[in-house]
Amino acid sequence: MINNSYKEISGDIIKVIRKFTKKRNVPLHEPTIRNLDLSHVKKNLLSTQVSTSSSDTIKFENSISKFTNSRYSVAIINGTSSLQLAIKVLDIKDNDEVFIPSLNYVASSNATLYCGAIPHYIDIELKNFGVDVKKLEKYILKNCIYKKKKLINKKTKRPITAIIPTHIFGTACDIDQILKISQKYNLKVIEDAAEGFGSFYKKKHLGTFGHVGVLSFNGNKIITTGGGGAILTQNKKYYIKALKLAKIAKKEKNFWDYDYSELGYNFRLPGINASLGLSQIKNINNLLKRKKIIFNKMKSLFKKNNNYSLVVQENNPESNNWLNNIYIFNSNYSLRNKIINTMLKQGISVRPVWKLMHKIKYLSIYPKMNLDNSIKAEKSLISIPSSPSLIR
Ligand SMILES: Cc1ncc(COP(=O)(O)O)c(C=O)c1O
């Protein structure tokens, strides 16, 4: 690749972003806050029901269930704690290994470690940046034994009991095939759909396929509660356990007489955050429409060339288009970084996809397969501004 191609590529991206906005500073993804949000939060504040026992928390859970068509939802303080709770709910034990894609946000690795389990890093496919199921199956056949419904890592002798596939940028990974391989090897499935609120796959909301699914409502997501998340499940037993553990496993006989049935967590979403969620969720269809318009406009503005392309997943039309991305052909870290730094100097927020999990020092000690596709994606992907506010 020619030396100054970074100038050409960053120049092209800047031109496209400037077609959306003339503002100098363009954030990567800013929340959409409307007057309705202010009145909902004000109403919550005036009611004084700001804490976890607020009826707004229950109302928000009901509206999540309604929108996602999930049988059960529990609103949680953030996506990371939702993952931690999901692991607990599925009874994944100390020293169990959990398959996690290396191309990822750090939450699923941390949540696994909080629970005493061990991340085991697997590769992604470049088609949708989700788990490469074919590669995983080959790897299992070579490196694991399946006996008495238990998958055992031959090298570490530890059981592998779960997989946490991530739906990246709001686009579905190959969840059908992931469910198949999980059934075959008796793995629990926790879908990390943190970025996927409003995304569907074959008309089903992301996060409703696995044993448990997880959402995030952090400030950078399509809708926000400031910080927040949720657990989705179709299984009553998992729901009851998740709700109990999120409410510190408190058993109330009456207002003052209570006990705790086990080690629980203070993880339920407070009412003040839920009140914001209640108004944000009312705007989701409008936001989804805007995101689609932005994506389609980008598709028409980025011209076909030999250096890069906008990431387009034709067979995944039900994405919430949370973050749009550029894929640099034949990229390397130096080229990627030069493009990013050039754009940041112009006030346009872009970022690489995450640092790969197996390259983070405290995570580098855990088992992993060959991760060539993840490395390719890490070098090649640049997320570009995608806020709904890019269009009027
Ligand atoms: C893929 C993914 N998983 C999990 C999380 C964790 O969510 P939270 O920030 O709400 O803890 C995030 C992001 O924030 C994410 O992008």
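View 1. L215 has A230 of β11 as its bridge partner. Strands here are DSSP runs (E, at least two residues), numbered from the N terminus. The model is predicted: local features need pLDDT of at least 70, side-chain atom pairs count only at pLDDT 80 or more, and totals for chains, interfaces and linings use all residues. Residues are numbered from 1 along each chain as its sequence is written. β10 and β11 (residues 229–233) pair in the antiparallel sense, over four bridges. Two strands pair if DSSP finds at least two bridges between them.

**View 2. β10 and its parallel partner.** β7 (residues 188–192) pairs with β10 in the parallel sense over three bridges. Opposite V212 of β10 stands I190. V212, V214 and S216 point one way from β10, G213 and L215 the other way, and all are buried. Buried means 20 or more other C-beta atoms within 10 Å of the residue's own, with C-beta atoms placed from the backbone. Because five of the five residues of β10 (residues 212–216) are buried, the strand is largely enclosed by the rest of the structure.

**View 3. The loop residue W322.** W322 sits in the loop between β14 (308–310) and β15 (324–328). W322 is buried, with 25 other C-beta atoms within 10 Å. Leaving out residues up to four places away in sequence, W322 touches F169, G170, E195, I222 and S386. Contact requires C-beta atoms, placed from the backbone, within 7 Å.

**View 4. The ligand shell.** Residues around the ligand include N78, Y105, D192, E195, S216 and G229. Near means a C-beta atom, placed from the backbone, within 6 Å of the molecule.

Notes: A residue is buried if 20 or more other C-beta atoms lie within 10 Å of its own, exposed if 12 or fewer, and partly exposed in between; C-beta atoms are placed from the backbone. Two residues are in contact if their C-beta atoms, placed from the backbone, lie within 7 Å.
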